[in-house]
Amino acid sequence: MVASLDNFRGLTLAMSSSAFIGSSFVIKKIGLKKAGDSGVRAGSGGHSYLYEPLWWLGMITMILGEIANFAAYAFAPAILVTPLGALSIIFSAVLAHFILKERLHMFGIVGCILCVVGSVGIVLHAPKEREIDSMEEIWHLATQPGFIVYSCVAVVGVLFLIFWAVKRSGHRKMLVYIAICSLMGSLTVISVKAVAIALKLSFSESNQFIYVQTWFFIFVVIICCLVQLNYLNKALDSFNTAVVSPVYYVMFTILTILANMIMYKDWVTQSATQIATQLCGFVTIVAGTFLLHKTNTINADSHVRSAATTPPPPPPPPPDQICLEG
């Protein structure tokens with residue numbers, strides 16, 4: 001009975017987390033729109049949203065969601081909590097449809113379903129993470145050649161996207177912003193776990209904050225979070241919220257699982273069936289992402305066509321005609 005009650009508490013917290021996080025996307029989008037009306041838009045490099053109360057309300061809502069998600073892991077196993085993160089996509093899409101009037105076409109609906117199914121399939125069949133007992137152990141894993149290569153590729157990829165791709169196609173291609181957030185997000189998760197282990201060991205055994213490695217991971221968390229926040233705001237300000245939310249969730253989930261698999265090498269203990277199931281999940285996610293981009297293209301084309309077909313206003317009558325009619 002205790003186990004069932006704990007699972008119910010974890011389920012409630014996980015669903016509350018999804019509701020908070022999904023709502024935060026819409027609230028922040030409203031704040032970004034209001035800030036853009038009175039200053040430079042975030043998509044154009046402005047930071048006027050920092051003075052907008054609604055944007056801060058969205059940030060507080062997102063923080064509450066992350067706290068609820070963290071607390072859910074204290075009551076329920078990860079196999080129950082992690083897949084429920086996909087519910088934030090549903091909350092975000094539904095609220096964006098009714099509040100922001102961002103219509104999600106049939107392609108987008110099917111794409112969301114495929115993304116959720118593929119992500120859940122990958123998470124459900126992902127290998128279990130190994131137990132870490134010391135900061136020395138996690139630092140040893142982080143300095144293995146495989147993870148060093150992944151970290152270097154992620155950092156170089158982010159720098160390339162920031163200093164080259166953003167200037168050329170950032171306003172037209174949503175994946176540029178999302179890729180930056182997702183690559184940084186995968187490194188954030190690795191660093192957050194290291195800091196969480198340090199806190200756990202500090203409370204139970206010995207102080208882990210006397211080690212330089214702990215403060216290095218804290219520094220990585222701060223830098224990665226700031227980069228994610230900046231480019232996620234640009235993505236929300238420039239593209240449809242109902243498309244940004246699921247694509248970000250999908251890419252973030254894929255890269256996070258990949259980073260954990262490289263660092264902890266848990267794939268060695270997996271069977272061929274589990275690996276094949278994860279590959280099928282990746283294919284499903286790719287198909288869903290393609291449909292979501294198709295929806296984004298349809299929306300953009302419809303706006304262009306409506307603008308092109310709207311007849312111009314009739315010219316004003318000449319002054320003599322005005323006098324005769326008077």
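Figure 1. A residue counts as partly exposed when its relative accessible area lies between the buried class, under 20%, and the exposed class, over 50%. In this predicted model, W164 has a relative accessible area of 42% and is therefore partly exposed, and F160, at 44% relative accessibility, falls into that class as well. F160 and W164 are four residues apart in helix α7, which means that about one helical turn separates them. The two rings form a stacked aromatic pair, with 5.1 Å from centre to centre and 20° between the planes.

Figure 2. A search of the whole structure gives ten aromatic pairs. For F209 and W215, the ring centres are 5.8 Å apart and the planes stand at 65°, so this pair is edge-to-face; the class is assigned because the angle is over 60 degrees. Elsewhere, W139, F216 and F217 are linked by ring pairs into a cluster. The view also includes K234, whose charged end sits over the ring of Y231 at 5.9 Å from the ring centre.

**Figure 3. The second largest pocket and its lining.** The volume of this second largest pocket is about 420 Å³. Its lining comprises 21 residues, of which S151, V155, L187, F216 and V220 are the closest to the pocket centre. Two or more lining residues come from each of the helices α6 (135-142), α7 (145-169), α8 (174-204) and α9 (212-238). Sorted by class, the lining consists of 18 nonpolar and three polar residues, with no charged residues.

**Figure 4. The largest nonpolar core within the helical chain.** The chain has twelve helices and zero strands, and buried residues account for 43% of its 326 residues. The largest nonpolar core contains 53 residues, and I138, F147, V244 and M263 are those with the most contacts inside it. Helices α1 (2-38), α2 (53-75), α6, α7, α8, α9 and α10 (241-264) each give two or more residues to this core, and the largest share, 16 residues, comes from α8. As general background, nonpolar side chains tend to be buried together in soluble globular proteins. Among the helices that supply this core are α6, α7, α8 and α9, which also give two or more residues each to the lining of the second largest pocket.

Note on methods:
Residues numbered from 1 in each chain as written. Predicted model: local features only at pLDDT ≥ 70, side-chain atom pairs only at ≥ 80, totals over all residues. Heavy atoms only, no water. 1 Å grid on protein atoms, 1.4 Å probe; cavity = no way out; pocket = protein on both sides within 12 Å on 5 of 7 lines; lining within 4 Å. Points joined across faces, edges and corners; volume = space filled by probe spheres on them. Nonpolar A, V, L, I, M, F, W, Y, C, P; charged D, E, K, R; others polar. Phe/Tyr/Trp six-rings, centres within 6.5 Å; stacked < 30°, edge-to-face > 60°. Buried < 20%, exposed > 50% of the residue type's maximum accessible area, 1.4 Å probe, protein only. Lys NZ or Arg CZ within 6 Å of the ring centre and 35° of its normal. Core = buried A, V, L, I, M, F, W, Y, C linked by side-chain atoms within 4.5 Å.
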